[in-house]
Amino acid sequence: MIQHSIKHKLALVGACLLTFMSAQAQTADGTVVISGQVSANTCKLSISDTNGSTNNGTRSIQLGTVAPPTGTITPNTLFGNQVVANFALTSAAGAGTTCTFASGSTWNIVLDLQASQVGTAGGSSFLTNSATSSPASNVGVALSQSGGTRLSTLTTGAGYLGTKISTNNASATGGLQLIAQFVTTSTTAPTAGLFSATVPLLVVYQ
């Protein structure tokens with residue numbers, strides 16, 4: 001199995017078996033950062049955003065700066081822009097090689113969430129805000145699968161039995177999507193501030 005993580009705004013971070021990153025060497029003239037990844041897996045998760053850029057290890061996807069809704073506030077109301085994260089499997093051996101696993105098998109991604117990461121408003125689940133510096137309040141992030149169907153129930157504490165990001169598995173050459181958007185969580189309007197959520201992802205083969 002491969003385990004990956006999403007980090008906010010929504011930032012997505014992938015981690016394979018081992019990851020090595022050097023300490024920064026800093027002088028008055030500049031900074032050099034050397035990083036890399038060693039993996040024993042035959043496949044790794046490739047993550048791209050709506051701008052088309054792709055990364056196999058670290059991905060930051062921003063929901064942007066948005067104004068809160070005005071007037072009467074209803075919990076579980078989506079606002080701001082949807083941001084789509086696209087997932088595909090690539091070979092851990094590098095570019096130009098194909099990811100392979102058992103013939104005829106499919107894959108999916110499970111959200112490995114804990115209870116403290118999930119809230120409920122209007123009968124639907126949302127990601128809670130974990131920002132510790134100037135956090136926004138009365139706001140969460142709703143998650144949807146490809147096509148826009150809301151993941152209205154986010155299972156917690158279930159590991160590989162958690163919520164899949166798609167009701168349909170993908171083939172070895174196919175892809176999956178996860179859509180994120182701000183959502184109100186109270187009858188009180190969201191307050192200004194930062195939002196952050198970290199969501200571990202588990203890649204499962206079936």
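**Aromatic pairs, core and loops in a predicted model**

Q: How many aromatic pairs does the count come to?
A: The model is predicted. Ring centres must lie within 6.5 Å to pair. By this rule the count is 2 aromatic pairs.

Q: Is the aromatic pair of F79 and F182 stacked or edge-to-face?
A: The centres of F79 and F182 lie 5.8 Å apart, with 20° between the planes. Planes under 30 degrees apart count as stacked, over 60 as edge-to-face. The F79 and F182 pair is therefore stacked.

Q: How many residues apart are F79 and F182, and which strands hold them?
A: This pair links distant parts of the chain. The two residues are 103 apart. F79 sits in strand β10 (residues 78-91), and F182 in strand β16 (residues 175-184).

Q: Does F79 count as buried or exposed?
A: The relative accessibility of F79 is 10%. Buried means under 20%, exposed over 50%. So F79 counts as buried.

Q: Is F182 buried or exposed?
A: F182 has a relative accessible area of 10%. The limit for buried is under 20%. F182 is therefore buried.

Q: Is the pair of F182 and F195 stacked or edge-to-face?
A: F182 and F195 are 5.8 Å apart, centre to centre. Their planes stand at 80°. Over 60 degrees counts as edge-to-face, so the F182 and F195 pair is edge-to-face.

Q: Where does F195 lie, and how many residues is it from F182?
A: F182 belongs to strand β16. The pair links distant parts of the chain, 13 residues apart. F195 lies in the loop between β16 and β17 (199-205).

Q: How many residues does the largest nonpolar core have, and which have the most contacts inside it?
A: The largest nonpolar core has 33 residues. Those with the most contacts inside it are L45, F87, W107, I109, L111 and L143.

Q: Is S166 buried or exposed?
A: S166 lies in the loop between β15 (163-164) and β16. Beyond four places in sequence, S166 touches N108, Q145 and L176. Its relative accessibility is 11%, so S166 counts as buried.

Q: How far apart in space are S166 and L151?
A: In sequence, S166 and L151 are 15 residues apart. In space, C-alpha to C-alpha, the separation is 8.8 Å.

Q: Is P75 buried, partly exposed or exposed?
A: P75 lies in the loop between β9 (58-60) and β10. Its contacts beyond four places in sequence are A121, T184, T185, S186 and T187. The relative accessible area of P75 is 27%, so P75 is partly exposed.

Q: How far apart in space are P75 and T188?
A: P75 and T188 are 113 residues apart in sequence. C-alpha to C-alpha, they are separated by 8.4 Å.

Q: How many helices and strands does the protein have?
A: Of its 206 residues, 39% count as buried. Among contacts between residues at least 6 apart in sequence, 74% join residues at least 24 apart. The protein has 0 helices and 17 strands.

Notes. Residues numbered from 1 in each chain as written. Predicted model: local features only at pLDDT ≥ 70, side-chain atom pairs only at ≥ 80, totals over all residues. Heavy atoms only, no water. Helix = DSSP H or I, 4+ residues; strand = E, 2+ residues; numbered from the N terminus. Buried < 20%, exposed > 50% of the residue type's maximum accessible area, 1.4 Å probe, protein only. Contact = heavy atoms within 4.5 Å. Phe/Tyr/Trp six-rings, centres within 6.5 Å; stacked < 30°, edge-to-face > 60°. Core = buried A, V, L, I, M, F, W, Y, C linked by side-chain atoms within 4.5 Å.
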